[in-house]
Amino acid sequence: WRPYLNRMQCYKNPDKVSAADDWLMSPPVRLERGKTYQVSMDIANMFSSYYGLIERFEVKWGTNNTIAAMTESGIQPTDVEGDPGDLIKYTNYSFAITPEQSGIYYIGIHAISEANQGGLLLDNFAVSEPVDAGTPDAVTDLNIEPGAKGIHEATLTFKAPVKDLSGKSLSSLTKIEIIRDNNVVKTFDS
């Protein structure tokens, strides 16, 4: 991993026979027990549009910035194929961390591509402010159908969350709010 145009880059191994096994560790992050944090990042495959190469990465986290301490899984091994029509296309990846103990933690991005691939780009790495672990997760199966003939309206359909941010089943859900430009435009009660 190395800095590259205000992002991070993990370039292929020059010997062309070794698979990637390269870690990029975050700075220390103080996390509180019982709070949930969203970790997000944009990842791109550097050369997919030219050569059809497939990159692979995973994300782990732990209590120290060593490989041995990366014991918790954030993102399972994931292929990054890219879009043949785009030179470089970033995809946003995210996951939630709910630590069992308060303390300092590190997040490790692990390049694990096969030998003789191109490289990965990482941008916009972020850790959110904490929220209570019991906060409902996002809605799923969201579909937005715009109004006919450019009318300024839309029909939204979605499934209400059944789990909280830590992955536990919700016992109840009091409301869902639809917000546009920081204003509540519709509230679904109960």
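Modeller: Buried residues make up 31% of the 190 residues in the protein. Buried means under 20% relative accessible area, exposed means over 50%, and partly exposed lies in between, with a 1.4 Å probe and protein chains only. This is a predicted model, in which local features need pLDDT of at least 70 and side-chain atom pairs count only at pLDDT 80 or more, while totals for chains, interfaces and linings use all residues. Residues are numbered from 1 along each chain as its sequence is written, and side-chain values use heavy atoms, with hydrogens and water left out.

Biologist: Why is Thr36 called buried?

Modeller: Thr36 has a relative accessibility of 1%. The limit for buried is under 20%, so Thr36 counts as buried. Thr36 belongs to strand β5, residues 35–45. Strands are DSSP runs of E with at least two residues, helices are runs of H or I with at least four, and both are numbered from the N terminus. The protein has one helix and 15 strands.

Biologist: What makes the pair of Thr36 and Thr98 a polar contact?

Modeller: Their side chains are joined at 2.7 Å. A polar contact is a pair of N or O atoms within 3.5 Å; within protein, one must be able to donate a hydrogen and the other to accept it, and residues adjacent in sequence count only if both atoms are side-chain atoms. The 2.7 Å value is within that limit, so the label applies. Contact in the plain sense means heavy atoms within 4.5 Å. Not counting residues up to four places away in sequence, Thr36 touches residues including Ile97, Thr98, Pro130 and Leu165.

Biologist: Why is the pair of Phe57 and Tyr93 called edge-to-face?

Modeller: The structure holds three aromatic pairs. In the pair of Phe57 and Tyr93, the centres are 5.0 Å apart and the planes are at 75°. Rings of Phe, Tyr and Trp (its six-membered ring) pair if their centres lie within 6.5 Å; planes under 30 degrees apart are stacked, over 60 edge-to-face, and the rest tilted. Phe57 and Tyr93 are both buried.

Biologist: What makes Phe57 part of a nonpolar core?

Modeller: A nonpolar core is a set of buried Ala, Val, Leu, Ile, Met, Phe, Trp, Tyr and Cys residues joined through side-chain atoms within 4.5 Å. The largest one has 23 residues, and Phe57 is among those with the most contacts inside it, together with Met41, Ile43, Val59 and Phe95. The elements giving two or more residues to this core include β5, β6 and β8. Leaving aside neighbours within four places in sequence, Met41 is in contact with residues including Val59, Tyr93 and Phe95.

Biologist: How do you know that Arg56 and Glu114 form a salt bridge?

Modeller: A salt bridge is a side-chain nitrogen of Lys or Arg within 4 Å of a carboxyl oxygen of Asp or Glu. The closest N and O atoms of Arg56 and Glu114 are 3.2 Å apart, so the pair qualifies. The pair links distant parts of the chain, with Arg56 in strand β6 and Glu114 in the loop between β9 (103–111) and β10 (119–127), 58 residues apart. Arg56, Asp79 and Glu114 are linked in a network of salt bridges. A search of the whole structure finds five salt bridges.

Biologist: Why is Arg56 partly exposed, while Asp141 is exposed?

Modeller: Arg56 has a relative accessible area of 22%, which falls between the two limits, so Arg56 is partly exposed. Asp141 has 51%, which is over 50%, so Asp141 is exposed. Asp141 forms a salt bridge with Lys159, with the closest N and O atoms 3.2 Å apart.
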